[in-house]
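Please load the model in your viewer and keep the selection panel at hand.

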Amino acid sequence: MSLKVEVEQKVLSANDRLAAALRERWQERGVFCLNLISSPGSGKTTLLERTMERLAGRVRAAVLVGDLQTENDARRLSQYGFPVRQIVTGGTCHLEARMIEQHLPAVDRPDLELLIIENVGNLVCPSSYDLGEDAKVVLLSTVEGDDKPLKYPGIFRRARAAVFTKVDLLGLTDFDIERAEEHARTINPEILTFRLSNRTGEGLDRWVAWLEGEIARKRAAR
Ligand SMILES: Nc1nc2c(ncn2[C@@H]2O[C@H](COP(=O)(O)OP(=O)(O)O)[C@@H](O)[C@H]2O)c(=O)[nH]1
Ligand SMILES: [Mg+2]
């Protein structure tokens with residue numbers, strides 16, 4: 001085994017142990033934890049803004065948001081009344097469980113019901129790092145090409161749900177949403193799919209209803 005592969009495997013297994021401990025903690029407390037993954041600009045922060053608007057006063061939520069360099073996303077999200085913490089990775093292309101552990105105290109509270117993590121914008125590295133989440137959700141916007149599920153099978157295989165964003169822009173490119181969904185299902189027959197627009201609000205009701213269902217289920221299983 002090469003040294004690089006050996007080091008990578010060690011980092012991953014340390015990450016997996018920590019992620020397992022986080023998952024156990026969420027299980028005991030009945031907290032639903034979501035890990036949002038997409039390429040930069042697909043609409044993760046905007047979807048979080050729309051989601052937080054709708055959950056305000058109904059769900060006790062917190063957000064951790066990863067970025068290579070800036071605090072912009074946390075600033076955007078902090079106006080919705082939920083605790084938000086930016087994790088600046090300083091160049092690392094993904095979040096790791098130890099970063100979640102480290103920044104959690106800034107947003108955690110005893111009666112937390114929902115923790116949403118916005119990962120660093122990237123379809124590749126974040127898919128291999130377990131953060132102790134209940135579900136990974138992959139976002140793909142309708143301007144990125146409907147072949148992307150086939151090109152990035154790792155994340156589509158591991159995701160519980162695929163959210164196709166920017167449906168208000170359908171028709172401006174040759175993105176075929178049926179084909180994109182078909183490709184996603186070829187990779188992962190179980191994957192849930194959502195079509196939505198953060199701009200017009202289309203599809204947001206179904207997304208929020210799914211989320212609320214999962215939160216209720218997690219709370220009940222505690
Ligand atoms: N037309 C349209 N624009 C969107 C939608 N969602 C996000 N955007 C825009 O896409 C850009 C990137 O969004 P952002 O949420 O920052 O993406 P992130 O990098 O994945 O967090 C911003 O200019 C958003 O206003 C959408 O559903 N429709
Ligand atoms: Mg963002």
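Begin by selecting the magnesium ion (ligand 2): in this predicted model, the ion is coordinated by Thr45 (OG1), Asp73 (OD) and Glu118 (OE), at 2.1 to 2.2 Å. Along the sequence, these donor residues follow the spacing T-x27-D-x44-E. Next, colour helix 2 and strand 4 (residues 114–118): Thr45 belongs to the helix and Glu118 to the strand, so this pair ties together parts that are 73 residues apart in sequence.

The shell holds 16 residues, of which Gly41, Lys44, Thr46, Asp168 and Asn198 come nearest. By class, two of the shell residues are nonpolar, eight are polar and six are charged. Which helix gives the most to this shell? Helix 2 (residues 44–55) does, with three residues.

Display distances from the oxygen atoms of ligand 1. Start with Thr45, where an N or O atom of the side chain is 2.9 Å from a ligand oxygen. Move to Glu118, which places a polar side-chain atom 3.2 Å from an oxygen of ligand 1. Then show the backbone of Asn198: one of its polar atoms is 2.7 Å from an oxygen atom of ligand 1.

Finally, display the pockets of the protein. Ligand 1 is found in the largest pocket.

Technical notes:
Residues numbered from 1 in each chain as written. Chains lettered and ligands numbered in written order. Predicted model: local features only at pLDDT ≥ 70, side-chain atom pairs only at ≥ 80, totals over all residues. Heavy atoms only, no water. Near = heavy atom within 4 Å. Polar contact = N/O pair within 3.5 Å; in protein donor to acceptor, adjacent residues only side chain to side chain. 1 Å grid on protein atoms, 1.4 Å probe; cavity = no way out; pocket = protein on both sides within 12 Å on 5 of 7 lines; lining within 4 Å. Sits in = over half its atoms within 2 Å of the grid points. Helix = DSSP H or I, 4+ residues; strand = E, 2+ residues; numbered from the N terminus. Nonpolar A, V, L, I, M, F, W, Y, C, P; charged D, E, K, R; others polar. Donors = N, O, S within 2.8 Å, 3.2 Å for Na, K, Ca; no water.
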